[in-house]
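Here are a few exercises to work through with the model open in your viewer. Try each task before you read its solution.

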Amino acid sequence: MTEIKAKTTARILMITAALPFVLAGHILSAQKENSASATKDNSVYAELAKAPKKAAARRNPLERDPDAASVGRKLFERHCAECHGEDAEGGRKAPSLRAEEVRQATPGTLFWILTNGVVRRGMPVWSKLPEPQRWQLVSYLKSLPPAEKSPQ
Amino acid sequence: MINSPFPKIGFLLSILVLAAFALPAQAQESPYIVAYDHYLEEPGSLEVEYFSTFATQRNGNDFHAFWAEFEYGATAWWTTELYLDGQTTFNDSTIFTGFRWENRLRLLQQEHFINPVFYFEYEQINGADKIMKEVEGHDVESDHAVPNALARREHNHELEFKLLLSKTFKGWNVAENTLAAKNVTGGHPWEFGYALGASRPLALKASANRCSFCRENFIAGVEMYGALGDRHSFGLHDTSHYLAPVVAWNLPSGWTLRLSPGFGLNDNSHRFLLRWGVAREFSGFGATLGRLLGGRKQ
């Protein structure tokens with residue numbers, strides 16, 4: 001009985017000792033995974049087309065709110081700039097939100113992406129932000145100028 | 001081995017040094033202390049948290065249990081956490097009581113009517129652990145009246161599984177957690193417990209000002225948690241239950257403060273618990289660690 005107990009404990013300790021290495025390996029692969037979805041990977045914008053028609057057709061209830069875009073910028077700096085960059089031009093982990101694909105997307109599509117995230121590609125769901133705040137973020141995104149073209 | 005503080009201090013220092021290279025980030029943290037909603041840590045971010053629980057104790061000494069929590073977003077669908085537990089029992093002693101390694105996996109890619117998250121945890125704690133991060137089996141107040149010197153002799157290796165269900169609608173979050181746990185040392189039966197939570201930000205629209213005291217920075221709610229017996233005697237008899245208002249204050253500086261007075265709902269429960277916590281999230285922790293471990297160059 002004591003022997004079985006000792007073996008069980010030894011197994012648990014071995015698994016516990018191995019876990020940091022498994023985690024470190026996963027972090028490294030997650031970094032590579034994230035890099036694939038970063039600024040230059042245009043396939044990430046295909047996610048926009050996945051918004052259901054009904055969701056894409058939703059109108060921004062705050063589109064006539066003159067403060068919505070500026071408040072949205074405050075929220076963007078707080079929650080999004082870390083990945084998408086200070087000016088939404090894309091960052092180490094996430095694509096530009098000033099790309100033509102995003103500019104052409106309907107407010108409903110952007111709201112749907114914010115709500116559902118793109119979990120497989122590293123973008124978390126943001127439904128924890130109340131709906132009005134997500135619409136304020138959409139107002140800001142729709143107010144962004146196009147991306148500056150990089151010199152050839 | 002478990003009582004030696006040195007490996008833990010080294011580990012803490014390593015985490016803090018790495019976190020110093022990462023940037024403080026600002027998230028919208030839930031106010032729950034026991035219950036979980038379905039939101040995971042942002043990928044690559046590390047949240048460092050400290051929590052305290054003060055509890056009154058009948059037929060024994062009141063105590064202050066505390067834990068440090070390191071919560072890392074490995075991916076957008078997997079969050080992993082390490083807990084280091086300790087406690088001070090008044091008129092007795094202060095001791096380290098063990099560690100926990102917790103994982104939460106998001107089961108569905110998108111938001112649904114109800115969002116399930118699978119939770120599993122391995123705990124290596126001693127019998128003096130009093131953080132009450134969950135209440136299970138036939139946990140009752142009198143368990144905590146045992147002197148530390150005696151209680152710490154009991155060593156537990158426990159596996160814990162939870163199904164976290166959560167929904168956010170019109171600003172309200174409602175969460176339900178079901179728990180099953182088994183102490184793998186000895187012939188202990190499976191034990192069960194639950195946690196329920198509901199919360200809402202004080203304002204749904206963000207204000208134009210950059211302010212610490214804006215209503216949208218506060219999230220208030222209530223949680224209820226307790227035990228459901230074990231495999232041999234499932235039910236509410238000889239179990240303890242608590243009801244606790246909760247409030248979180250998400251500061252623009254990246255800090256989150258939580259406060260929760262809790263009240264025992266039956267004679268098996270502590271009469272009063274006061275829990276509080278402070279947390280700070282650091283973005284870019286994963287990238288820093290990846291670089292140190294020889295990952296890609298930025």
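Predicted model: local features only at pLDDT ≥ 70, side-chain atom pairs only at ≥ 80, totals over all residues.

Residues are numbered from 1 along each chain as its sequence is written, while chains are lettered from A and ligands numbered from 1 in the order in which they are written.

**Exercise 1.** Work out how α6(A) and α7(A) cross.

- Locate helix α6 (residues 107–116) and helix α7 (residues 131–143), both in chain A; helices are DSSP runs of H or I, at least four residues, numbered from the N terminus.
- Their axes come within 9 Å and cross at roughly 125 degrees; axes are lines fitted to C-alpha atoms over the stretch in contact, with angles from 0 to 180 degrees between N-to-C directions.
- So α6(A) is oblique to α7(A), oblique being what's left after under 35 degrees (roughly parallel), over 145 (roughly antiparallel) and 65 to 115 (roughly perpendicular).

**Exercise 2.** Find the strands that pair with β2(B).

- Strands are DSSP runs of E, at least two residues, and two of them pair if DSSP finds at least two bridges between them.
- β2(B), residues 46–55, runs antiparallel to β3(B), residues 63–75, over 10 bridges; there S52(B) partners F66(B).
- β13(B), residues 272–283, also pairs with β2(B) in the antiparallel sense, over 10 bridges, with F282(B) as partner of L46(B).

**Exercise 3.** Which residue of β10(B) stands opposite G197(B)?

- β9(B) (residues 191–201) and β10(B) (residues 218–230) pair in the antiparallel sense over 10 bridges.
- Opposite G197(B) you'll find E223(B).
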